[in-house]
Amino acid sequence: MKKTDSIATLDLLADNLGEKEDPLFKIERGIRARKTSDLLAENKVGYVPALFIWCPLPYKNVGNKYERIYGDGKNRIQLQMTSLREIGVPYSKKGRQVLSLITSQAVLGKNKHIDLGDISEAWMKMNFKSSSGGQNGNIKRITETFQQFASLALSSSSKVVQEKYEGFVGNNILVADKIELYWNKPKEIGVKGLFENYIDLSERFFDLIVNHAVPIDIVEYNKLQSPRKQDIYAWLVRSMFKLKDERVIPWEKLYPQFSDNLDPRKKPEFRSDFKDALFIAKQIYPEANLRVDEKNVILEPSLAHIPHINPKNVGYI
């Protein structure tokens, strides 16, 4: 079972968990000439990377190093995210919004060169009426997140234990090869501004997010106020894809995936919050068939969330 591509860890684990799926549709090349924000506004279909569904970004500022685990002791992904000390790892709702917009632009345009002005415009429309700069302005907020992604390194490892073999696969991936990012100082005008900036994704990260993109309703996704609610909605969409049989997921597997160092005493609170998030996710994805009890979340085969609105722009792993 030889794997040579940049997402071998994810593929190997998915094979053994029974979750590996081929892309549903091919993605059309050459549509990057139009603005990402316009394309998203037309059909509401955006994308998030599958790896960050299984191993979400942190929910709060954790500094420049963070680790997330997905799966059990026999078959699991361990993902470590690191960045420069003074910049830190992307986190919270803002980090997820920017990641979804970067992924959407990469998928829709099939291009590693990401126009940060385009991303900024879409982000501003989602969150603010103003695009003011300054120390505490909206521009300052998003430029910090751009720097966090540009400085991010991912180290993943997968342990696999099967009846006839065991295995270990590791990968180290830089998110970006280069970034150019400029913004005006307070009260300054006429200098190089944010809307001329870009980030060049690394080849391996580009392959990771384009070949393993999960389509979502990006408008509703970015309306969700809680980053955990964003993660649970995206997780529900991906988990339901081509699900053929009932799947029982113990709460114990969900605690490390959707919390940051959960205090065991707060497990009942976590379950309550998770149920609330599932209820909200079902408002966006009403076709999802699921139920919960004290020990498990149970998923049942359901209709696909993203219908064939535009097959050329829809793809799963």
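I take buried to mean under 20% relative accessible area, exposed over 50%, and partly exposed in between, with a 1.4 Å probe and protein chains only. I looked up Val214 against that scale: at 0% relative accessibility, Val214 counts as buried.

**Ground rules**

I am reading a predicted model, where local features need pLDDT of at least 70, side-chain atom pairs count only at pLDDT 80 or more, and totals for chains, interfaces and linings use all residues. Residues are numbered from 1 along each chain as its sequence is written, and side-chain values use heavy atoms, with hydrogens and water left out.

**Confidence**

I checked pLDDT, the predictor's confidence in each residue, from 0 to 100. The chain averages 80, and 76% of the residues score at least 70. For elements, I use DSSP runs numbered from the N terminus: helices are H or I with at least four residues, strands are E with at least two. Helix α1 (residues 8-17) has the lowest mean pLDDT among the elements, 37. Strand β12 (residues 296-300) has the highest, 97.

Where pLDDT is low, the predicted coordinates should not be read in detail.

**Whole chain**

I counted elements next. The chain has 11 helices and 12 strands. Of its 317 residues, 51% are buried. Among contacts with a separation of 6 or more, 71% join residues 24 or more positions apart.

**Helix α4 and what follows**

How many residues of α4 are buried? I find 18 of the 18 buried, so the helix is largely enclosed by the rest of the structure. Helix α4 covers residues 92-109 and reaches 26 Å from its first C-alpha to its last. That is close to the 26 Å expected at 1.5 Å a residue, where the expected span is 1.5 Å times one less than the number of residues.

I looked at its packing on helix α7 (residues 203-211). The axes of α4 and α7 come within 9 Å and cross at roughly 90 degrees. That makes α4 roughly perpendicular to α7. The axes are lines fitted to C-alpha atoms, for helices over the stretch in contact, and angles run from 0 to 180 degrees between N-to-C directions. Under 35 degrees counts as roughly parallel, over 145 as roughly antiparallel, 65 to 115 as roughly perpendicular, and the rest as oblique. On the α4 side, the contact uses Leu99, Thr103, Ala106 and Val107. On the α7 side I list Phe205, Phe206, Ile209 and Val210.

Lys110 follows α4 and lies in the loop between α4 and β4 (113-115). Lys110 is not a glycine, yet has a positive phi of about 50 degrees. Most residues other than glycine have a negative phi. At 25% relative accessibility, Lys110 counts as partly exposed.

I also looked ahead of α4. Glu86 is in the loop between β3 (75-82) and α4. Is Glu86 buried or exposed? At 67% relative accessibility, Glu86 counts as exposed. Glu86 and Asn64 are 22 residues apart in sequence, with C-alpha atoms 7.7 Å apart.

**Helices α5 and α6**

I looked up the pair α5 (residues 116-127) and α6 (residues 138-150). Their axes are 11 Å apart, at an angle of about 125 degrees. The two are therefore oblique to each other. From α5, the contact takes Leu116, Ile119, Ser120, Trp123 and Met124. From α6 come Asn138, Ile139, Arg141, Ile142 and Phe146.

Val214 and Phe241 are 27 residues apart in sequence and 9.5 Å apart, C-alpha to C-alpha.

Helix α9 is mostly covered, with 12 of its 14 residues buried. The buried set includes Ile232, Tyr233, Trp235 and Leu236. At 1.5 Å a residue, the 14 residues of α9 should span 20 Å, and the end C-alpha atoms are 20 Å apart, which agrees.

Lys242 lies in the loop between α9 (227-240) and β10 (247-250). Phi of Lys242 is positive, near 55 degrees, in a residue other than glycine. With a relative accessible area of 44%, Lys242 is partly exposed.

Methods: Contact means heavy atoms within 4.5 Å.
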